[in-house]
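Please keep the sequence and the model in view while reading.

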Amino acid sequence: MNKLKQVFTKVNKIDTFSPYFFLPFILVLYFFTSLFDFHRFDLFNVRVSILPAVLVALVCYYIGVYIIDKLQWTIPSFGLSFLGKYVIHFVVLLTLIGLASYLMMIFGGGLGISDESNRRNLDPKLNFFSQLLWYGILLLLSYKMILEKHMTWKKALVYGSIFAVVMFLFLLMGYRTPLIIMLFTGIIIFHYVVKRVKLTWFLTALLVIGVAFSMFGFLRVMTEDTSKEFNNRDQPDVELSETDKEKLLTVEQKVNLTPKWMRSLNGESVTGHIVLSKIIEYTQEEGYLKGEIHGGIFNTILPGEQISPRMKVTEVVNSLSVEEGKYITRPTRTTTPTFIGQLFLDGGYALVAIGFLLYGILISLIYNKVKQGGIRSFHSVAYAFVITLFTVSMHTGLLDLIFILMLGFVVIASAIIKTDGKKVQY
């Protein structure tokens, strides 16, 4: 028992949210849990290993973090320090724009949680700008918490309650990503300002949060109105040989031996594994898309009909499975490619290496700002948001223009805001 306590004591000394631990741990955990596939790999004929791509991503990320950490570099101010005093005013303006857009969308019948077909067809402009509501509230609340000289549990509860209200507002839209970003950014701020979150506590919370969000996704799918064309679950109408039909039915029976709710516990990571494997397989046969995926992020705001990056990923992965009589993703839906997947699809291992190297560099640059400027500064808010967004993108990919703009703003804001905070010891 004493040895076990000693192990837990050593484990809990790890800074849970440091660049060296948080993102790599989540990435490894994500793909480790995907190995328990309940025969879904057989169902979708997963033939290509994702291990080399994952290892390249991890190694390059650590190289980026290590180099910047040793050099103690931070983000330069770009000669814009004089604008630092206006940052919070601008965040307030963004929040008001987000609030107005959200209210217009809700009163226009935009309750995405009511059905998947509603969620996918929300007014695109209002949906885009409504995201500024949770973003602005997140930055303002987090910064307010950071500046509290005497943070009490009562105050922390008040802040937590406001977070919960805003999260509920976006729960009505049926989106999980803003909820996850708000939740983990809040936890990181809590960790540095209120009370250190021990690794064992974090792992317990991660389990609860993971199950809760998995069940949310499970219920969302199970309650779909299948009478609507958008929610059609028919498989491809293709001719299969009797042998192939029998094989498909046998594998489906194996999959169905595990209850749907149990498969949904790690369904997102299993799907991510399958999609990444299919992306690698696709590039082996068809070559790389050479920037088409990332270019599509900006093309979607152009006039006329455009194919979104995630819809393109749906086309890619389904092209390898349709002839086998099944869809990996229903044609009406978009596919989250994982961040490794989106990079690999456009440029293979080279782009994966460059992308994760830059991830490590940017995260370490902001972390050094926190260490030099002190935890009671906007740098802590920026770090919490950036590392959370990057970690979430391990599954979703970073393909939403609004998230890229949010990322750019918070990085520039951290660079130009002046602080007199005391250095923090970890």
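Which residues in H5 meet which residues in H18? Val 87, Phe 90 and Val 91 are the residues in H5, and they meet Phe 409, Ala 413 and Ile 416 in H18. The model in view is a predicted one. Its chain has 426 residues, of which 51% are buried, and its secondary structure comes to 18 helices and 0 strands.

**The chain as a whole**

- Of the contacts between residues at least 6 apart in sequence, 82% join residues at least 24 apart.

**The pairing of H5 and H18**

- Two packed helices are described by the angle between their axes and the distance between the axes.
- Helix H5 covers residues 87-107, and helix H18 covers residues 401-416.
- The axes of H5 and H18 come within 11 Å and cross at roughly 160°.
- Angles over 145 degrees count as roughly antiparallel, and H5 and H18 are therefore roughly antiparallel to each other.

- Helix H15 consists of residues 309-318, and 8 of its 10 residues are buried, so the helix is mostly covered.
- The buried residues of H15 are Pro 309, Arg 310, Lys 312, Val 313, Thr 314, Val 316, Val 317 and Asn 318.
- These buried residues pack against H13 (267-286), H14, H16 and H17 (378-396).
- Lys 312, one of the buried residues of H15, forms a salt bridge with Glu 292, and the closest N and O atoms are 3.6 Å apart.
- That pair links distant parts of the chain, with Lys 312 in H15 and Glu 292 in H14 (residues 292-299), 20 residues apart.
- Lys 312 counts as buried because its relative accessibility is 18%, whereas Glu 292 is partly exposed, with a relative accessible area of 43%.

**Other salt bridges**

- A search of the whole structure finds 7 salt bridges.
- Lys 371 and Asp 69 form a salt bridge in which the closest N and O atoms are 3.2 Å apart.
- This pair also links distant parts of the chain: Lys 371 lies in helix H16 (residues 339-373) and Asp 69 in helix H4, 302 residues apart.
- Lys 371 counts as buried because its relative accessibility is 19%, and Asp 69 is buried with a relative accessible area of 16%.
- Glu 148 and Lys 155 meet through their side chains in a salt bridge, at 3.2 Å from N to O.
- Within that pair, Glu 148 counts as buried at 14% relative accessibility, while Lys 155 is partly exposed with a relative accessible area of 33%.
- A network of salt bridges links Arg 47, Lys 278 and Glu 281.

- Tyr 20, Val 59, Tyr 62, Ile 63, Tyr 66, Ile 67, Leu 71 and Trp 73 make a nonpolar surface patch of about 760 Å².
- Tyr 20, one of the residues of the patch, is found in the loop between helix H1 (2-11) and helix H2 (22-33).
- Is Tyr 20 buried or partly exposed? Tyr 20 counts as partly exposed because its relative accessibility is 31%, which lies between the cut-offs of 20% for buried and 50% for exposed.

- Most residues other than glycine have a negative phi.
- Asn 45, a residue other than glycine, has a positive phi near 50°.
- Asn 45 is found in the loop between helix H3 (40-43) and helix H4 (51-71), and counts as buried at 19% relative accessibility.
- Gln 72, likewise a residue other than glycine, has a positive phi near 55°.
- Gln 72 lies in the loop between H4 and H5, and counts as partly exposed at 36% relative accessibility.

Key. Residues are numbered from 1 along each chain as its sequence is written. This is a predicted model: local features need pLDDT of at least 70, side-chain atom pairs count only at pLDDT 80 or more; totals for chains, interfaces and linings use all residues. Side-chain values use heavy atoms; hydrogens and water are left out. Helices (H or I, at least four residues) and strands (E, at least two) are DSSP runs, numbered from the N terminus. Buried means under 20% relative accessible area, exposed over 50%, partly exposed in between (1.4 Å probe, protein chains only). Contact means heavy atoms within 4.5 Å. Patches are made of residues with over 30% relative accessible area and no salt bridge: like charges are joined within 9 Å, nonpolar side chains (Val, Leu, Ile, Met, Phe, Trp, Tyr) within 5 Å. Accessible areas come from the Shrake-Rupley method with a 1.4 Å probe; for residues, only the protein chains shown count as cover. A salt bridge is a side-chain nitrogen of Lys or Arg within 4 Å of a carboxyl oxygen of Asp or Glu. Axes are lines fitted to C-alpha atoms, for helices over the stretch in contact, and angles run from 0 to 180 degrees between N-to-C directions. Angles under 35 degrees count as roughly parallel, over 145 as roughly antiparallel, 65 to 115 as roughly perpendicular and the rest as oblique.
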